[in-house]
Structure formats: C-alpha cells, structure tokens
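The entries below follow the order in which I looked things up.

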Amino acid sequence: MRIVRSVRHKSCADGTFMKEFLLSAPLPAGFFAYLGNFGEVEALPNLGEGFYKFEKPDWFSIKGLAGDTTVEVRFRKEVMHLTVDFLYLLFSSYREGPVDLSVLKQREQGVGKRVREHLYGRD
C-alpha cells in the first residue's frame, strides 16, 4: 500500500497542517496495529466501527477508517519537512503478517534525533 497523492490540505487553527491522502488500496484493519510499533493507537468506535487514530507526538497523527482509501494526517508544521518521508515509508513498508521493523526503527531514531534538535535545540 502506498500514498498516491494529497487530495486536500489546509492549515488548522491548532497550528498543525492537515493533509488528506489518497491510498493505492483500502486501509487494512491490521494497519493501525502495525502503527502501534511507532506511537499510540486509539480505536474510536463512537465515530464508527474500524475508525482509528494514531499519534506520534511532535511528528504527526493519522486518522482513518479500515476499508477506506483515504486517511487524514495532521503534521506538526515546524518539522513536517523532516517527518513526511517517514510517513510515506510507514505506508509503503506495511505488509499483512509479520514485518521486519529493524530498518523502520533505525530510520525512526534518525528522524527523531533531527526532530528533537529542530524543536528543542538538543538531541
């Protein structure tokens, strides 16, 4: 699964930058469990069965519905230029079943270091 393109974007009142992305395939139910390796996942059944939110503080959040072909991503504007490539990598690396996370975790550490330096002036 990969991100095909941004279909909508806007600056939000809370200081984030929202992009709605079109995906190459419907969002699998297991995708948010996979994202749990990189941040906090929350099921939001009051918004619909299969609706989830993923949060990676200081990076971005993802909201989506299993089976849908779009997701909403809210980026922290100040570091969006550092984190957007990792977002694309998360989508393109997802596979059903067991996944080797070692490359993703290594990339996450490198981006995390740059995010902290940019936001807080330290590692």
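I took buried to mean under 20% relative accessible area, exposed over 50%, and partly exposed in between, with a 1.4 Å probe and protein chains only. The model is predicted, so I kept in mind that local features need pLDDT of at least 70 and side-chain atom pairs pLDDT 80 or more, while totals for chains, interfaces and linings use all residues. Residues are numbered from 1 along each chain as its sequence is written, and side-chain values use heavy atoms, without hydrogens and water.

**Entry 1: Phe 75.** I found Phe 75 in strand S6; strands (E, at least two residues) and helices (H or I, at least four) are DSSP runs numbered from the N terminus. Phe 75 is buried, at a relative accessible area of 0%. I then listed its contacts (heavy atoms within 4.5 Å). Leaving out residues up to four places away in sequence, Phe 75 touches Thr 16, Phe 17, Lys 19, Phe 21, Trp 59, Phe 60, Met 80, Thr 83, Val 84 and Leu 87.

**Entry 2: Glu 20.** Glu 20 lies in strand S2. I noted that Glu 20 counts as buried, with a relative accessible area of 19%. Among the residues that Glu 20 touches are Arg 5, Arg 8 and Glu 72.

**Entry 3: helix H2.** The buried residues of H2 are Met 80, Leu 82, Thr 83, Val 84, Phe 86, Leu 87, Leu 90 and Phe 91. Their cover includes strand S1 (3-11), S2, H1, S5, S6 and H3. For Phe 91, I noted contacts including Met 1, Ile 3 and Val 71.

**Entry 4: H2 against H3.** I found that the axes of H2 and H3 come within 10 Å and cross at roughly 160 degrees. That makes H2 roughly antiparallel to H3, a label for angles over 145 degrees. The axes are lines fitted to C-alpha atoms over the stretch in contact, with angles running from 0 to 180 degrees between N-to-C directions.

Note on methods: Angles under 35 degrees count as roughly parallel, over 145 as roughly antiparallel, 65 to 115 as roughly perpendicular and the rest as oblique.
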